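Me: Could you take a close look at one part of this model for me? I'd like the side-chain details walked through in one go.

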Amino acid sequence: MTNGQKFLFAAADLQATALKAAIRCQIETLSFLKRRCEQNVKLIDDLFAGDEFVDVFDVTSNFLQNATSDYATEAGNLARVGSRLTSDMARRVRREAESAIEDMAASTVA
């Protein structure tokens, strides 16, 4: 392969990696939002279920505690995923740069 072809292949590979990373983040976010929406439905059920009077303050404060914890955990998950993807992309770029340098050195010698 010529250097131009290698560059185009590396650029396409980098774009594919970025696209996969974006899709992984979307999957994680949508999964989280699904769980949170289910918890919203459960809150409504807890508040209005049955004939008994429920303590609205306890139900709501429990819901808010769980939601706060869930959002904090999800922020940590997204940071972890982002960090892993960033380091993977940096590794790929470094590998492609080293390959390009070796090819340039080989073509200079030849």
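Reply: Let's start with Tyr 71, which is partly exposed at 48% relative accessibility. That's for a predicted model, so keep in mind that everything here is computed from predicted coordinates. Tyr 71 has an aromatic partner, Phe 32, and the two rings sit edge-to-face, with 4.9 Å from centre to centre and 75° between the planes. Phe 32 belongs to helix 1 while Tyr 71 belongs to helix 2, so the pair ties together parts that are 39 residues apart in sequence.

The Phe 32 side of things looks like this: its relative accessible area is 6%, so Phe 32 is buried, because anything under 20% gets that label.

Phe 32 also turns up among the contacts of Glu 74. Glu 74 sits in helix 2, which covers residues 56–109. Leaving aside residues up to four places away in sequence, Glu 74 touches Glu 28, Thr 29, Phe 32 and Arg 35. With a relative accessibility of 4%, Glu 74 counts as buried too.

Now over to Leu 47, part of helix 1, which spans residues 3–48. With residues up to four places away in sequence again left out, Leu 47 touches Val 54, Val 56, Val 59 and Thr 60. As for Ala 100, Leu 47 and Ala 100 are 53 residues apart in sequence, and their C-alpha atoms are 63 Å apart in space.

Note on methods
Residues are numbered from 1 along each chain as its sequence is written. This is a predicted model: local features need pLDDT of at least 70, side-chain atom pairs count only at pLDDT 80 or more; totals for chains, interfaces and linings use all residues. Side-chain values use heavy atoms; hydrogens and water are left out. Helices (H or I, at least four residues) and strands (E, at least two) are DSSP runs, numbered from the N terminus. Buried means under 20% relative accessible area, exposed over 50%, partly exposed in between (1.4 Å probe, protein chains only). Contact means heavy atoms within 4.5 Å. Rings of Phe, Tyr and Trp (its six-membered ring) pair if their centres lie within 6.5 Å; planes under 30 degrees apart count as stacked, over 60 as edge-to-face and the rest as tilted.
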